[in-house]
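I opened a new notebook page for this structure. I wanted an overview to begin with, then a closer look at a few places.

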Amino acid sequence: MSAWSPDHTERRPPGPAVRSTAGLPDLVHAGMYAVDGNGLVVAVNPRAEELLRRPADGLVGRDAHELLHRDQLGHTMPRATCTMMQAFLSGRTGGGDREWFLRGDGTLLPVTWLVTPCRLDGAATGAVVLFHEGAPESDVVPDGEPATLSQLDRLALLAETTTRLSSTLDAEEAVARLVRLVVPRLADWAVVDLITESDDVWRSTVATHRDGVVVRREELEGPLPPVHEESLMPLSRALRGAASTLAGPETYQGPADSGITVAQQRLFKEAGLRSAAIAPIRGPRAVLGALTLGLSERPGTFTDAELSLLDDIARRAGLALENARLYQRQRHIAETMQRHLLPQMPEVPGLRMAARYESASKSSQVGGDWYDVFTLSDGSTAVAIGDVVGHNIDAAAGMAQVRNMLRAYAWALEEPPSLIVERLDRAVVNVTEASMATLIFCRVERDDDAWALRWTNAGHPPPLLITHDGRSRFLDEEHDHLLGTGLTRARTDTLTPLPPKSTLVLYTDGLIESPGHTLDRGLARLRQHAAALVHRPLHVFCDLLLERARPVDNDDDVALLVFRTPAEDGEAGDR
C-alpha cells in the first residue's frame with residue numbers, strides 16, 4: 001500500500017517533514033492520520049485536525065500514543081495495555097470502540113477506530129488510523145434491539161475479510177475463514193453453497209456457534225439438486241447470479257418448486273431461522289455459489305443495510321474462491337503432467353522395487369524431481385533419480401527433456417554410466433531448456449546370485465545402503481559436478497556390491513533438507529529411520545520413511561526410489 005496521495009497532489013517522502021494534510025483524503029465524518037514504523041505521525045487529514053482540535057503542525061512528528069491515547073479518566077495509558085498499540089504492533093488490521101483521544105483543548109474525545117498496516121513511500125512501512133467520534137456514555141442500545149455495525153466497524157470487517165481471504169489459496173480454508181468472519185459477529189448461522197467445476201451444487205458448509213465457537217452441522221451439508229432455471233425462490237435466484245434478497249420462514253411455507261427449495265425448507269426448520277439474507281458469490285467470470293446468513297437466537301431481522309454489507313463480503317469471497325480454483329487447476333495440471341512422466345516400475349526377477357513421489361505440501365508449484373527405472377538392451381537395469389533446478393512447470397518440462405534424453409543415450413550406447421552422463425551433460429547445456437540438474441545414474445548388475453551397483457553421481461545427495469542386519473552407510477565415494485554447469489571434467493564410476501537382502505535408498509533433497517537445520521542433521525535423520533525400518537515390507541518402508549524422515553518444515557517435492565536384493569538362495573525377501 002502506498003502513502004495516500006491523490007493524483008493532483010505532489011507525492012512526498014514519509015517523516016516529520018511531510019506536509020500534514022497533503023496525502024490523506026478529506027473525509028466528511030472520519031478523521032485519519034498515518035504513522036511510521038515508530039508510531040510517529042507523518043500525515044493527517046483536515047477532519048482529524050477538526051476532531052482533535054489540534055493543528056496539523058501540532059500532530060506531525062509526534063508520538064501518536066503519547067500524544068493522544070488516554071483512558072476514560074484522561075490518564076496516560078501504558079503501551080502494553082493500549083488496544084490500539086497492540087493492533088499496530090501486530091501488523092494486522094484491527095479496530096475497537098469506547099477509546100479516548102486527548103484533544104488539544106484538554107477534553108476527551110470518545111472514538112471508534114480502525115488501524116490497518118500500509119506501505120509508505122519507498123520501502124518504509126507504517127499504519128493508517130481511521131477514527132470518528134463515538135457515542136457518549138449515555139447512548140446505549142436498548143435491550144432486545146439488535147446492535148447495528150457502525151460505518152467504521154463495517155470498514156474494519158471488510159478490510160479483515162479482504163486480508164484473511166486473500167491470504168490463502170485453499171478453497172476449503174477460504175470458506176472456513178469466511179464463516180469465522182461472519183459467525184457470530186453478524187449472524188447465528190452461515191451457509192455456503194458452491195457450484196463445482198462440473199456445475200454440481202454442493203452445500204459445503206452449514207455452521208452456527210456455541211458460546212462464540214463455530215460449530216459445523218454436517219448432517220445438513222452435502223450435494224444439492226441442480227439449479228432450477230425458472231425457480232423464483234431466493235437461493236435458486238442467487239445461484240443464477242440474481243441480486244441478493246431477504247427471506248424468512250414464510251418464504252418457504254408454500255409448495256416447493258424445486259429440489260433446492262426442499263433443501264431450504266429443511267434448513268429453515270432444522271436451524272429455526274427467523275430471518276435470512278442470501279447473496280450470490282460471484283467470481284470474475286461466473287457465479288461460484290451463494291452465501292446465506294441466518295438469525296435464530298438474537299433478536300431483530302436483517303435489513304437492507306445488512307444486505308448491502310453481505311453483498312460486499314460475498315464479492316470478496318468470490319474473488320478469493322476464484323483465485324483458489326485457478327491455483328488448484330494449474331497445480332493439478334502440473335502435478336498430473338509430472339506424475340505421468342514418472343515410470344511404471346518394471347519387473348526385474350529377484351529384485352524388489354518401490355517408489356514414491358510427494359508434491360510440496362505448502363508450495364504453490366511443482367518441481368523438477370524425478371526418477372526412472374528401465375531395462376537395458378544387455379539385460380541389466382538402469383536406474384536414475386534427479387532434480388532439475390526450479391519449482392514451476394518449466395522445471396517439470398526440463399525434467400521431462402532430461403529424462404527422455406537419458407533413456408535414449410542409455411539404450412543406444414553400451415557405455416559406463418559416467419560416459420552416458422557426460423553426453424547428457426553436453427546436451428543439457430546445448431540442447432535442452434533445463435538449467436542445472438542433479439542426477440544419480442546407475443546400472444544394477446547381476447552376476448550369478450551376486451548383485452552390484454555401477455553408478456555415477458552428478459551433484460545429487462548420496463544413496464543410502466542398509467544391510468539386512470541394520471548397518472547403514474551413505475555411498476559418497478564420488479561426487480561429481482552438476483549437469484548444466486558447462487564444466488568439462490571427466491566423471492567417475494563406482495562399483496558397489498549389494499549384499500543379499502540389502503536395501504538401497506535413492507531420494508531427492510526434499511527428504512532431508514530443512515530451513516531450520518543443517519544438511520548433516522537431515523542425512524543423520526534419514527539414516528536412523530531407514531535402519532530402523534529395514535525389516536519392514538518395501539512399500540511400508542517407503543511410506544513410513546516419508547512420514548518419519550521428511551522434515552515438517554520442508555516445502556519441496558520428494559522423489560523416493562528403493563530397491564531390495566534377494567536372499568542368497570535366490571528367494572526374494574520381504575515385499
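Entry 1, the chain. I noted at the outset that this is a predicted model. I looked up the secondary structure and found twelve helices and 23 strands in the protein chain. The chain has 575 residues, and buried residues make up 51% of them. I then took the contacts with a separation of 6 or more; residues 24 or more positions apart account for 62% of these.

I checked the length of α7, which has 13 residues (259-271). At 1.5 Å a residue the helix should span 18 Å, and its end C-alpha atoms are 18 Å apart, so the two agree. Next I asked which residues of α7 are buried. They are Ile260, Thr261, Ala263, Gln264, Leu267, Phe268 and Ala271. These cover an arc of only 155 degrees around the axis, which puts them on the same side of α7. The general rule is that an α-helix has 3.6 residues a turn, so residues three or four places apart point the same way. I also looked up what covers the buried residues of α7, and the cover includes strands β7, β8, β10, β11 and β12 as well as helix α6. Just after α7, Gly272 takes a positive phi of about 65 degrees.

I found Asp369 in strand β15, residues 368-375. Asp369 is buried yet has no salt bridge. Where is the nearest side chain of opposite charge? It belongs to Arg550, 8.0 Å away. The side chain of Asp369 does make a polar contact, at 2.8 Å, with the side chain of Thr508.

How values were computed:
Residues are numbered from 1 along each chain as its sequence is written. This is a predicted model: local features need pLDDT of at least 70, side-chain atom pairs count only at pLDDT 80 or more; totals for chains, interfaces and linings use all residues. Side-chain values use heavy atoms; hydrogens and water are left out. Helices (H or I, at least four residues) and strands (E, at least two) are DSSP runs, numbered from the N terminus. Buried means under 20% relative accessible area, exposed over 50%, partly exposed in between (1.4 Å probe, protein chains only). Lys and Arg count as positive and Asp and Glu as negative; His and the chain ends are not counted. A salt bridge is a side-chain nitrogen of Lys or Arg within 4 Å of a carboxyl oxygen of Asp or Glu. A polar contact is a pair of N or O atoms within 3.5 Å; within protein, one must be able to donate a hydrogen and the other to accept it, and residues adjacent in sequence count only if both atoms are side-chain atoms. The expected span of a helix is 1.5 Å times one less than its number of residues. The arc is that of the directions from the helix axis to the C-beta atoms. Contact means heavy atoms within 4.5 Å.
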